[in-house]
Amino acid sequence: MRLSQRIVVKYIRTKFKLLSSLSKRKAAVKAFQLFCTPQHRNKKKLPPIFEKGENLYFPFHGNTVRGFRWNHPSDKKVLILHGFESSIVNFDRYVKPFIKKGYEVLAFDAPAHGRSSGRTINILIYKELIETIYKKYGPVTSFMGHSLGGLALSIAVESMEHDETWKLALIAPATETTTAVDTFFAFLKLDNEVKKEFGKVIFELSGRQPEWFSVARAVKNIKAQVFWAHDKDDHMTPLSDVEPVLKTSPANIQFMITEGLGHRRIYRDNKVSKAVVDFL
């Protein structure tokens, strides 16, 4: 961590420590806002394949969601979903293989990401985005999602009418929201009283406790065929969160456990990308 980053982190921790001493509730509300605010927006140059895509955009929650579509029209459609502080540009390696398989390919930057507008994102917003894309550009029965995109996808499909012909490829999905919250609170060095209020904020917003936002829970209600790739060295979404599902070995889930790829390199790995395309 560079000196400038250490200074910023120290400032944020001091700010929250002071706010927490004044009001646990206010500290929790501010913490939730920070939790849902990407600190980095990926706007790197578009890969060449994007120059061949159709630009799409639509209004969503007062923002503009932007994305691309390739090989339209086709009866088979696949939707690519990125993770937190990521962008669809990171998944260019999947577009051409999907097209060769005869798919119409859809990919959008979520609000507050890439070339879409907005400042915050949460699971409910991402879930609704998936449902909106499905209604506007679907029907879609094949999906792939990385990290936060994988969690949002699982929760969205769980609530949608679907069957065994649907296919989901989950790449290092953010399996347990409670793990992300624990990591976030450890980083900010906030106490358990603030964490309890943080949980109340989530419940008031969604009607659900933080532990409900779980891929491991959602897949129990998913009929679709699932391909799940996860790395042993993923420190953001640890394999330990996946192990309960691994132990039960659901008949509709096919696992690919890798090593040495971590959280982000996994979706760029040639073997993983080929396995995802072949599965879908």
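Author: Two residues are in contact here if they have heavy atoms within 4.5 Å of each other. The model is predicted, and everything below is computed from it.

The position to start from is Ser-142, which belongs to strand β5, residues 142–146. Its relative accessible area is 5%. The cut-off for buried is under 20%, so Ser-142 counts as buried. With neighbours within four places in sequence set aside, its contacts are Lys-77, Val-78, Leu-79, Tyr-103, Lys-167 and Leu-280. The peptide bond from Gly-138 into Pro-139 is cis, with omega near 5°. A cis bond is also found from His-72 to Pro-73, with omega near 0°. Pro-73 is placed in the loop that joins β2 to β3, the latter being residues 77–81.

Next, the chain as a whole. It has eleven helices and eight strands. Its radius of gyration is 19 Å, close to the 19 Å that the globule rule gives for 280 residues, so the chain is as compact as a globular protein of that length. The C-alpha trace spans about 60 × 40 × 35 Å along its principal axes. Buried residues make up 53% of the 280, Ser-142 being one of them. If contacts are limited to residues at least 6 apart in sequence, 77% of them join residues at least 24 apart.

The aromatic rings come next. The count of aromatic pairs is 22. In one of these, Phe-50 and Trp-70, the ring centres are 5.1 Å apart and the planes stand at 75°; the cut-off for edge-to-face is over 60 degrees, so this pair is edge-to-face. Phe-50 is in the loop from α2 (24–35) to β1 (54–60) and Trp-70 is in strand β2 (residues 63–70), so the pair ties together parts that are 20 residues apart in sequence. Phe-50 and Trp-70 are both buried. Another pair is formed by Phe-184 and Phe-198: the centres are 6.3 Å apart and the planes are at 40°, so the pair is tilted. This pair links distant parts of the chain, with Phe-184 in helix α6 (residues 177–188) and Phe-198 in helix α7 (residues 192–206), 14 residues apart. Phe-184 is buried at a relative accessible area of 13%, and Phe-198 is buried at 1%. Phe-184 and Phe-198 also belong to a cluster linked by ring pairs, together with Phe-32, Phe-35 and Phe-185.

Charged ends sit over rings at two places described here. Arg-66 has its charged end over the ring of Tyr-57, 5.4 Å from the ring centre. Arg-217 has its charged end over the ring of Trp-212, 4.0 Å from the centre.

Helix α7, which carries Phe-198, can be checked for length. At 1.5 Å a residue its 15 residues should span 21 Å, and its end C-alpha atoms are 21 Å apart, which agrees. At the start of α7, a side-chain oxygen of Asp-191 comes to within 3.1 Å of the backbone nitrogen of Glu-193. After the helix comes Gly-207, with a positive phi near 80°. The buried residues of α7 are Val-194, Glu-197, Phe-198, Gly-199, Val-201 and Ile-202. An α-helix has 3.6 residues a turn, so residues three or four places apart point the same way.

The loop between α2 and β1 also holds Asn-42. Asn-42 is buried, with a relative accessible area of 11%. Its side chain reaches the backbone nitrogen of Lys-44 at 3.2 Å, and a polar contact of 3.5 Å joins it to the side chain of Asn-90. Residues up to four places away aside, Asn-42 touches Glu-85, Ser-86, Ser-87, Val-89, Asn-90 and Gly-114.

Of these, Glu-85 has a backbone feature of its own: phi is near 60°, positive in a residue other than glycine. Glu-85 lies in the loop between β3 and α3 (92–100) and counts as partly exposed at 22% relative accessibility. Ala-112 is another residue other than glycine with a positive phi, near 70°. The loop from β4 (104–108) to α4 contains Ala-112, which is buried with a relative accessible area of 3%.

Definitions and conventions: Residues are numbered from 1 along each chain as its sequence is written. Side-chain values use heavy atoms; hydrogens and water are left out. Helices (H or I, at least four residues) and strands (E, at least two) are DSSP runs, numbered from the N terminus. Buried means under 20% relative accessible area, exposed over 50%, partly exposed in between (1.4 Å probe, protein chains only). Rings of Phe, Tyr and Trp (its six-membered ring) pair if their centres lie within 6.5 Å; planes under 30 degrees apart count as stacked, over 60 as edge-to-face and the rest as tilted. A charge sits over a ring if NZ of Lys or CZ of Arg is within 6 Å of the ring centre and within 35 degrees of the ring normal. The expected span of a helix is 1.5 Å times one less than its number of residues. A polar contact is a pair of N or O atoms within 3.5 Å; within protein, one must be able to donate a hydrogen and the other to accept it, and residues adjacent in sequence count only if both atoms are side-chain atoms. The radius of gyration is taken over C-alpha atoms; the globule rule is 2.2 Å times the number of residues to the power 0.38.
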